[in-house]
Amino acid sequence: MTGLPLSVRGVAARLGGRQVLDGVDLTLAPGSLTAIIGPNGAGKTTLMRVMAGLVRPAAGTVLLGERLLASLPARERARAIAYLPQGGSVAWPLPAADVVALGRVPHGGGPATGRTDPAVSRAMRATDSEAFADRPVTALSGGERARVLLARALAVEAPVLICDEPVAALDPRHQLAVMGVLADEARRGRAVAVVMHDLALAARYADRVAILASGKLVAAGTPQAVLTPAILADVFGVHALHEERPDGLLVLPWRPLAPGSV
């Protein structure tokens, strides 16, 4: 299953009696990396979980290609959509390579065959995690563990890849490297979505940017169209430096705006 879009249409969701998403329409297109940004509490993680089939929306539909996501058998959905949750953890002291090999379970693989599975090797190489393949994942630093969990998602080799804040725990070099990996996955034809707070990385690597605020999609389009000073001031309450460069768009939050000044 390759080259399929994942779409939400009119999606609404409630958690704990609170409206978290309200009429969201968004499509993750094959060959494109979509950055989903927004203030804290905007509904970004809930949207990712709806897209991954982990939260059933109160209204609206989720489509993989032309098929309702809810109609897919669990195993087929697990092969089609790889999901990396925010702040993922591992309870058992498995070797890192075995954790990555869990990404092959939807395909009938797993830790028993992981050491010889080319998908596991590719994923660990892409995330620069080969050096600690034999170390217990519980003994790794937060950044090392984050790279292993990303490798597990990559090892699924699903046509849709959804990552919730995959670079939050990483140092600057690995933030850039991981975003480069995700951009490469999109160029190979996958539909990739990334929740993030770093506007500079979103501007640098995303093909499209979607901004959520108070559960609503307030803007979606190219970084140049969406990451404008006016929109960033309105949604985030910040003054941002904004510069078109030969190698891409530079966006840098510079100072908070006074309440009511937008």
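Which strands and helices do the buried residues of helix 6 pack against? I would like to come to that by way of the whole chain, keeping in mind throughout that what we are looking at is a predicted model.

The protein has 10 helices and 12 strands. Its radius of gyration is 18 Å, close to the 18 Å that the globule rule gives for 262 residues, so the protein is as compact as a globular protein of that length. Along the principal axes, the C-alpha trace spans about 60 × 40 × 35 Å, and buried residues make up 49% of the 262 residues. If we take the contacts with a separation of 6 or more, 62% of them are between residues 24 or more positions apart.

Now to helix 6, which covers residues 142–155. At 1.5 Å a residue, its 14 residues should span 20 Å, and this agrees with the end C-alpha atoms, which are 20 Å apart. The helix is mostly covered, with 11 of its 14 residues buried; among them are Gly143, Glu144, Arg147, Leu150 and Leu154. As for the opening question, the buried residues of helix 6 pack against strand 6 (81–84), helix 3 (96–101), helix 5 (118–126), strand 7 (160–164) and helix 7.

Let me take helix 7, residues 172–187, from that list: helix 6 and helix 7 pack at an angle of about 5 degrees, and their axes are 12 Å apart. Because angles under 35 degrees count as roughly parallel, helix 6 is described as roughly parallel to helix 7. On the side of helix 6 the contact is made by Arg147, Leu150 and Leu154, while helix 7 contributes His174, Val178, Val181, Leu182 and Glu185.

Is Thr127 buried or exposed? Thr127 has a relative accessible area of 3%, and it counts as buried because that value falls under the 20% cut-off. Once its neighbours within four places in sequence are left aside, Thr127 is in contact with Arg147, Leu150, Ala151 and Leu154. Of these, Arg147, Leu150 and Leu154 also belong to the contact of helix 6 with helix 7.

Finally, just after helix 6, Glu157 takes a positive phi of about 50 degrees.

Notes
Residues are numbered from 1 along each chain as its sequence is written. This is a predicted model: local features need pLDDT of at least 70, side-chain atom pairs count only at pLDDT 80 or more; totals for chains, interfaces and linings use all residues. Side-chain values use heavy atoms; hydrogens and water are left out. Axes are lines fitted to C-alpha atoms, for helices over the stretch in contact, and angles run from 0 to 180 degrees between N-to-C directions. Helices (H or I, at least four residues) and strands (E, at least two) are DSSP runs, numbered from the N terminus. Angles under 35 degrees count as roughly parallel, over 145 as roughly antiparallel, 65 to 115 as roughly perpendicular and the rest as oblique. Contact means heavy atoms within 4.5 Å. The expected span of a helix is 1.5 Å times one less than its number of residues. Buried means under 20% relative accessible area, exposed over 50%, partly exposed in between (1.4 Å probe, protein chains only). The radius of gyration is taken over C-alpha atoms; the globule rule is 2.2 Å times the number of residues to the power 0.38.
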